Amino acid sequence: MAEERSEKREDAGEAESRSLLRLLVETKSVMPAAGATGLPLVLVIAAMCFLASLALGAALSVGGATADWTRDLSGALTVEVKPARDKNIDTQVETAIKVLTGAEGVLSVHALTVADTQALLEPWLGKGNVTEDLPLPRLIDVRIDARAPPDIAALAKRLSDAVPGAELDTHRQWQAELVRAAHAAEWLAYAVLAVVAATTIAIVTFATRAGLSANREVVEVLHLIGARDRFVAAEIQRHFLHLGLRGGAIGLALSVAAFLALGWQGNAASMFLVPMSGLRLQYYPALVAVPLVAALVAVVTARLTVIRTLHRML
Amino acid sequence: MFSPSHVPNPGFHDTVPSMIRFENVGMRYGMGPEVLRDVSFHLAPGSLHFLTGPSGAGKTSLLKLMFLAQRPSRGLITMFDRDIATLPRAELPDIRRRVGVVFQEFRLIDHLTTYENIALPLKIQGRAEESYRADVKELLSWVGLGERMQAKPPTLSGGEKQRAAIARAVVAQPDLLLADEPTGNVDPEMGKRLLRLFIELNRLGTSVLIATHDHALVEQARAPELVLQNGRLTVRG
Ligand SMILES: Nc1ncnc2c1ncn2[C@@H]1O[C@H](COP(=O)(O)OP(=O)(O)O)[C@@H](O)[C@H]1O
Ligand SMILES: [Mg+2]
């Protein structure tokens, strides 16, 4: 009777649409899916994939953000004009603008007004506390052509000669430190990814060995009736493919939910110094690779473990 | 009368004098005493032999050497013209596939159905199920398990397990069939039926070696006897 049922199930088009489902739902194996390594192992792999996705998302986000900063900051300079007792600051700013505008490689020059400067200080000093007679430095925002930048040192020299008290800030110091910190964070994320992968390999190795010794009698009978190691390995591999894909799918779903939640939280959330409004859309496909890689790692690890263990048997 | 030891095996070339040859074989388990000593004999293609001796004489141990579950501690064993001492591990399956074994304790796989158990030797050869489904069902009916196809071994009776084990041993049409106490768990009537099954298989060209301590069984078929006593082997008949 069961035979009839299974034959009916072989109906043409239906089989096609179920092939994906079949990857997730394990088909019957010669090896009993050793009870102890079933659900718990799926959950462990799910946790590993969740961590791996978070680490990967963080690494990609930080990497992307540093690239943006480098691009942004190297297109900008700031000139700071300090007030001097015997000079009119407005004339100084004008002179500086003249020097800057004429220079090669400079795209635009924009002096911040006194009001702009006060607005910048307000968050620290409070509204209305910035008095007129407080000697404020004036800032000039300079946009330069990043592809054909001006000779910064020469420009700084000409500027300070023309306007005593004018300083050119290339943001280099600030940028270098920030990028260094971001790179460290990026590598940290990749290190987490590596540790997660190594842990997964160790867990699958243990589970495979446990499964093999739980099925020792079956493995022995299979060998005695002429099964090759390849056959035994394929049976066990199939088990781990399903475990890996199922665990991976759960982990991926959790991590996507986590990133969406971060996005929903908006700018309040940040990851490794980088303000994050969730994961950028372009990085989501990379996350999909996590369960696939996890399943591949599980399968390859199981296969190698089985072959190595069986080689010690007659 | 039917004389099985002289039935030629049509599938075997004439230049091969024996399919199994033991020369001064000794065997021990670990560091224990020798359970087999100076065992020498040969089995011709298409022959039928009994292997007799009291319990503990070493019958199962001798069969283990022949289905490559144990290696001899000394002596020479040739199977199908291959010296098994020098056989690389990767080639063991090729030899094992030519040998069908009915294990003393059956060794059916409990979580598979009877049908799946019996089809297993074909499945491990990589054959598609469609190519053997009908054959396996026919064999199952032939050993009287047609109705128990979907039953799992733990729900089978002793006699049913015995027949399932025999069916699995012969399903891939081996050149050599080794049966370890195949009538140990069945009543005399069933024992006779199973013996007829072995004789029929032998008639079709398979070499058969039946290990038993049941003298009634030996008397029912006139076949040469390998007698084990205290680890030593003598050939009778
Ligand atoms: N796995 C084993 N380890 C150690 N000794 C064994 C093992 N199997 C059998 N023996 C010993 O080998 C001897 C022969 O046993 P066996 O071959 O099973 O005899 P038989 O099948 O004729 O009853 C016995 O003394 C038995 O105790
Ligand atoms: Mg025995």
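Into which domains is chain B divided? I noted before anything else that this is a predicted model, and then I looked up the division of chain B, finding domain 1 (17-98 + 174-237) and domain 2 (104-173).

**Entry on the two domains of chain B**

I looked up the separation of the two parts and wrote down that the C-alpha centres of domain 1 of chain B and domain 2 of chain B lie 23 Å apart. I then turned to their contact, where 13 residues of domain 1 of chain B are in contact with 10 residues of domain 2 of chain B. On the domain 1 side, I found that the elements giving two or more residues are β7 (176-180) and α6 (188-203) of chain B, and that α6(B) supplies the largest share of this side, with 4 residues. Sorting that side of domain 1 by class, I recorded 8 nonpolar, 2 polar and 3 charged residues.

**Entry on a helix pair in chain A**

I next looked up helix α4 (residues 89-102) of chain A and helix α6 (residues 152-162) of chain A, which pack at an angle of about 150°, with their axes 10 Å apart. Because angles over 145 degrees count as roughly antiparallel, I wrote that α4(A) is roughly antiparallel to α6(A). I also noted that the crossing in which α4(A) passes α6(A) is right-handed.

Which residues of α4(A) and α6(A) meet? I found A:Thr95, A:Ala96 and A:Val99 on the α4(A) side, and A:Arg158, A:Leu159 and A:Ala162 on the α6(A) side. By class, I counted 4 nonpolar, 1 polar and 1 charged residues in the contact of α4(A) with α6(A).

Definitions and conventions: Residues numbered from 1 in each chain as written. Chains lettered and ligands numbered in written order. Predicted model: local features only at pLDDT ≥ 70, side-chain atom pairs only at ≥ 80, totals over all residues. Domains from an automatic or database assignment. Contact = placed C-beta atoms within 7 Å. Nonpolar A, V, L, I, M, F, W, Y, C, P; charged D, E, K, R; others polar. Axes fitted to C-alpha atoms, helices over the stretch in contact; angles between N-to-C directions. Parallel < 35°, antiparallel > 145°, perpendicular 65-115°, else oblique. Left-handed = near helix turned anticlockwise from the far one by under 90°.
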